[in-house]
Amino acid sequence: MRHGRWALLVAVILLCGVAAFWLYQRGPALDGMTAGCVFQKTTGLHCPGCGMTRATYALMHGDVGAAFRFNPVGLVLFPVALALTGLEAVAWARRKPWPVRLVPGPRIAWALVFLVVGFWILRNLPWWPFTLLAPP
Amino acid sequence: MNWFYAKNGSQQGPLSTDEIKNRIAMGEIGPSDLAWREGMSDWMPVGQISELKAAPAASASPEATPSFPTASSAASPYQAPSAAPSPVQMAPGQVIPSYLWQSIVVTLFCCLPAGIASIVYAAKVEGLKASGNFAAAKEASDNAKKWAIISLVLGLVINLIVFAVSFTGALQGVQPQ
């Protein structure tokens, strides 16, 4: 099973590629083929990830402004977290960690917790300017 | 044994154990330079890797040091001071992953409160590691991993169910026409 981890990683990347192409072509939830946000549907509240699919779709079609409007925090945080997760996934697949790595440390880690949880709370408040944080 | 080391930002290797010991002996690799071999889960400063600590005399005649632990601790004054016994003995090169980035990805991807639990545990790992409480850090790390997996699996399962339901619904909707 020398190449088992590489095979799994490539399979996941291919699957994400297919999903991304599907999204690029069809647009988000136009035909009810995705769940949307189940948390939003059951509670009526927005979660920290709400609007990410639409933001990604807008970004794919070059509309950065609209993407930012759908999920301002996710638009910044998601690419960073995804890139660093990808780096760790490659290190995992080749069974050899990187000599230099971004270790966040407790302060940044807790700041991210407060950012995500705070964003979650604020975007559900019904008053301007917090309504700007909710996806339109 | 294939050793790698990092010096001034560039990675060198592979080297055999004897080769890397020679370079350490010659001063080409300092005790604070990072080294790694297959089987270690992370890079470590050369000065903290016990396998690379043998004195130059020992590498010339390995059979001359039969009682390794006591002989080396007595013979090498530059050995790292052995700390007070910590609750968890760390294996060489062992790191405690915090899963912080993974938990942020699943939270933004799956929209589940389980993702938030994972991020909180990930932040706790960083704090506990910084304060040296490795047993609690390991526990928080395991919890962060557990909740990230729960969030990912739940998100995928829910989406697959909705996809299947809407797909069969679409088929049934088409058939009567």
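What percentage of the contacts in chain B with a separation of 6 or more is accounted for by residues 24 or more positions apart? The value is 53%, where two residues are in contact if their C-beta atoms, placed from the backbone, lie within 7 Å. The structure is a predicted model, in which local features need pLDDT of at least 70 and side-chain atom pairs count only at pLDDT 80 or more, while totals for chains, interfaces and linings use all residues. Residues are numbered from 1 along each chain as its sequence is written, and chains are lettered from A and ligands numbered from 1 in the order in which they are written.

We can start with the overall layout of chain B. Chain B contains 6 helices and 4 strands, these being DSSP runs numbered from the N terminus (H or I of at least four residues for helices, E of at least two for strands). Along the sequence, the elements follow the pattern β-β-α-β-β-α-α-α-α-α. Of the 177 residues of chain B, 30% count as buried; a residue is buried if 20 or more other C-beta atoms lie within 10 Å of its own, exposed if 12 or fewer, and partly exposed in between, with C-beta atoms placed from the backbone.

The 4 strands of chain B form an open sheet in the order 2-1-3-4, with antiparallel pairing; two strands pair if DSSP finds at least two bridges between them. Strand 2 (10-15) and strand 4 (44-45) of chain B stand at the edges with a single partner strand each, so one side of each has no neighbour in the sheet. Strand 1 (residues 3-7) of chain B is joined by 4 bridges to strand 3 (residues 34-37) of chain B, and by 4 bridges to strand 2 of chain B. Tyr5(B) takes part on both sides: this residue stands opposite Gln12(B) in strand 2 of chain B, and its bridge partner in strand 3 of chain B is Ala35(B). Trp3(B) has Arg37(B) as its bridge partner in strand 3 of chain B.

Helix 1 (residues 17-25) of chain B lies across strand 1, strand 2 and strand 3 of chain B, running at about 30° to strand 1 of chain B. Axes are lines fitted to C-alpha atoms, for helices over the stretch in contact, and angles run from 0 to 180 degrees between N-to-C directions. Helix 1 of chain B includes Arg23(B), which is partly exposed, with 19 other C-beta atoms within 10 Å. Leaving out residues up to four places away in sequence, Arg23(B) touches Glu28(B) and Ile29(B). Helix 4 (residues 100-110) of chain B is mostly covered, with 11 of its 11 residues buried; among them are Trp101(B), Gln102(B), Phe109(B) and Cys110(B).

Turning to the interface, 32 residues of chain A are in contact with 33 residues of chain B. Helix 6 of chain A supplies the largest share of the chain A side, 8 residues. By class, that side has 24 nonpolar, 6 polar and 2 charged residues; Ala, Val, Leu, Ile, Met, Phe, Trp, Tyr, Cys and Pro count as nonpolar, Asp, Glu, Lys and Arg as charged, and the others, Gly among them, as polar.

Helix 6 (residues 105-122) of chain A packs against helix 5 (residues 113-130) of chain B at an angle of about 160°, with their axes 8 Å apart. That makes the two helices roughly antiparallel (angles under 35 degrees count as roughly parallel, over 145 as roughly antiparallel, 65 to 115 as roughly perpendicular and the rest as oblique). Residues making the contact include Trp110(A) of helix 6 of chain A and Glu126(B) of helix 5 of chain B.
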